[in-house]
Amino acid sequence: MFQVDEHLTFFEFGLGGQHFALKKGITMDYLLNEHGFITKLDNNKIDIDFHSDNIYIETNKGIYDLSKLSVQKKDNYYIYMSEKAVFKLEYLLCGKNFIKRRLSLKFFEKTELYKIGMSIDSYDEAFLYRTFLYGSGAVFAREGKKGLFFGFENPYFYLSGNRVEFEPNLILEPKEEFDCDINFIGLYELWGEKVVQQIKYATQKVGDRYYTRFRNPSEGIPLYFSETYEFNEYTKTYFETDKKPFKFISYDNFSNLPYNPGEDIKERYFKHIDNCVKLGIELIIFNPLCENKIPNEDLNSYWELFPENTLAEEIYDYAKNKGLDIGIYMGASVNVKGCNDPHSNYTDNPKWKKIDVFGDISRENCIGSKEFLHWYIEVQKNTIRKYNLKLWNWDPGPGDCMYCFSENHGHLKGKGEYKGFRNHLRIMAELKREFPDLYIIGFYGNKRYGLWGYKYIDQHEGYWEAHIVCDIPLFEDMSADRQTASDMRFQSNWNYYFRFMHQTLNHGLTFHMTQDCGWFNEPDCDKLFDYCGYKYALLSVIACGGSLTLPIVPRYLDKEVLDFYKYWVNWQRENWEYSKNTIPFGEHVGVGVEGYSKLIDNKGFIFLVNSGYKPLNFSFVLNERVGFTGGEVCINNIYPERFPVKEASYNDKIDLIVPEYSVMVLELADRLIEDERRERPKLPTYIPTKAGKGSFFASGEIKKIIDSYNITDEIIKVGDKLNHCSKNHILSNIMWYRPDRLWLCVFIEGEMPKITLNGEDVALTLETFLCNIKLVYFADITDKVKWNEINEIQTTAGELYLQYENIPMAFYGYDRETGNYNAPVLDTSIKITEAIINDDNIIYPNEKNIIKCKVNVPYEELEGVYNCPIWGMDCLFEYKDGFWVYEFDNPTRVNLILEDSKIAVWAVTKDRRESETYFLKINWKLS
């Protein structure tokens, strides 16, 4: 007889039966028929009738239609009986605008589980929205002004006619219980703007369009803001964001501290740890401090991270004694031999290994193997317990079952993707169960499962590393810290709008960074400090709502920096509950002013960010779009200066001027504050030109600012060395650590202009980006300007800006320039008609591999054909002999941090129409 209780298993680990307590009066009403299926949803604003709700299961024993089986009702669940199986449908949670339910299965004989699906009604419009890489997010349906989202909490469901289905491809033993991923259904009104992605500049360009390292997979489908908002409200319950803590973290993977340090580096590590303490950091993520030993087949084994009587142990002890919590980066990028990638060859146990498409035993372990999975979880628990670690991670990720043709791993041959996803979550869930306070950072291996792979993640890396060589967006800026911060916000916005990720999960990077760990082996780069950008960078993280993560801890910390950090870090910690309600609004990053509201019961904070070089006029309406639902409130500006803005009520328009390169913080409170603005001169930054001519008054106040800094010869030498070794790779300018100079910047996409200042030629330097993107030029004009006089300037092209620290509040603003930065729109008539990799859709190691495809649109009409391969950035095909062709060398699998069992291929026309994505199924010849 089927065992029925209130805590069904998530596989064997009891994580599927969560029940959530919600406030009375906010739950949605639903009506069920006698078989337990939905006939009506009503959220007190709108309602919708269902006519086709049903669940069916396809196996090698037959197809089970639950609406045709005998049924028993038990409280909030229904039991369906057949001769060979028993099923349970349980209604778990009813929120304000959604419900959750879960199907549980038990077969009396060994069974191959092929497909699970739900029937849906026909709607005016219904489409599947995918998230990074290609993982399914939700089906969105529109019926007049009514909207619905529905699907399963896994990345593999798809829309097939009037059905939402996925294929588990599992082999279930007799009476083995299987809990299906949650089936969710949401109901809401359609309102707000339609959101499409926008990119102004990036290091990759085709024609007149910029694109990033990884696209949003459903970039051609705009969503109403209410669709994004309501689904984000749903995913809060999936991520359990009410439990996500605020952390202040030092992330040493991107620092200039070496891996496996010698005794000569010890004092620098101690200094680094001391500075972490001074800043108020609570958790330090060490790089590997030695060539650690990986665990062996013994269940009591562990990763030997800090061996006794070694420098690694001494550094560990020093940090612990200073009160810091300890984590460690465990990824393949810095310690291939000692990382915790499941592909590592811990032992040659053949039961653990993947069998490839040719029947050969691989060196790679399959997390579908029960024996390997049990061992893998236990040795990680042993390691975390032994060193009392508070942070853990994988890079690539906890593992997968892809390309595995074993008959003994509980999945069908060559179809292990879904079981890999389930066991990927199970590994993290078990660690969280054992160590409830464990903080987990997610990297590329989590991204392969899209939205649903992040359930137990506390902070994730975003789309890509915040670094120029990773083909990120570019911003019209010369500050290293601001570049990092603007890219971080860009990704955070994409995470909210296109991945439905909660803002508290954002990778809150601040201070300058580079993906090139060790900063090109420049040991002193932490001596360089970005005086112009550090405040902007810190407030960017707080605006987006993520935990604060420093890739570089400055070696020299003055009182002003410490005071600023201590104030705002404490502010974020104290107001963390408000950050859990962060809603982005306004423009996309780099296009205009962005807003981030953080309101509870119509009180709280609004952050406005201008990432450009002009003060901008900006308006927003105080309504639901920013999380304000009614009443009266007083709006105060609390940063960078304190002054009252206005008394306001629901639907009022708020007009503001947001200074260039700045973050403005507003508070919505019960009363207006006193005006604390101090009178200050109108110092110029942006220099308007007409017919290439302009002028500015070089105020003595600017001279006082730059003369107040004493940048030592030591710092200048470090900067010169960094600039020399980083040319063509990262920001190569020097102004971000030279606030003692007055800099002229020219923003122009193209060739270097000619500039004269007071009749003399100005020698410009090109800011170096990849792919020959020429965007920013600069010059030191400190000794060329006439102080306390009008200076005349001429340029043959471009817009001009003066860069110096302490930019004041703006007295006037400019309107945002319009531009077509939108992604292409979906056109279902454009199709990839065929695609193949090599001749058999198998990737071979150490060989040239070729993808070929055809499109039903003539060559001359296409901007290009792209693929998103499993090893890196989106790539452009070449046109050869009637085919679109892409050739590549096979990457080394041990370093393959991102992969999927399919490659996405799509076409874009010159008039910005995009095909549906073609998914090319692949296999590997495994090593």
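Threonine 782 counts as buried because its relative accessibility is 6%, under the 20% cut-off. The model is a predicted one. Threonine 782 sits in the loop between strand E47 (776-780) and strand E48 (790-795). Two polar contacts of its side chain stand out in the description of this site. One, of 2.6 Å, joins the side chains of threonine 782 and aspartate 780. Another, of 3.3 Å, joins threonine 782 to the side chain of arginine 741. Beyond four places in sequence, threonine 782 is in contact with Ile706, Arg741, Leu742 and Trp787. Lysine 703 lies 79 residues away along the chain, yet its C-alpha atom is separated from that of threonine 782 by 8.7 Å.

The nonpolar cores come next. The largest has 212 residues. Ile57, Phe87, Phe286, Phe306, Trp392 and Tyr565 have the most contacts inside this core. Helix H8 (residues 534-544) supplies the largest share of the core, nine residues. In soluble globular proteins, nonpolar side chains tend to be buried together.

Phenylalanine 87 gives a local view. Its contacts, leaving aside neighbours within four places in sequence, include Ile57, Tyr64, Leu66, Leu69 and Tyr78. Ile79, Tyr80, Leu103, Ser104, Leu105 and Phe107 are also in contact with phenylalanine 87.

The mean pLDDT is 90, and 94% of residues reach 70 or more. Over residues 1-25, pLDDT stays under 50. For this stretch the model has 64 contacts beyond four places in sequence.

Conventions: Residues are numbered from 1 along each chain as its sequence is written. This is a predicted model: local features need pLDDT of at least 70, side-chain atom pairs count only at pLDDT 80 or more; totals for chains, interfaces and linings use all residues. Side-chain values use heavy atoms; hydrogens and water are left out. pLDDT is the predictor's confidence in each residue, from 0 to 100. Contact means heavy atoms within 4.5 Å. A nonpolar core is a set of buried Ala, Val, Leu, Ile, Met, Phe, Trp, Tyr and Cys residues joined through side-chain atoms within 4.5 Å. Buried means under 20% relative accessible area, exposed over 50%, partly exposed in between (1.4 Å probe, protein chains only). Helices (H or I, at least four residues) and strands (E, at least two) are DSSP runs, numbered from the N terminus. A polar contact is a pair of N or O atoms within 3.5 Å; within protein, one must be able to donate a hydrogen and the other to accept it, and residues adjacent in sequence count only if both atoms are side-chain atoms.
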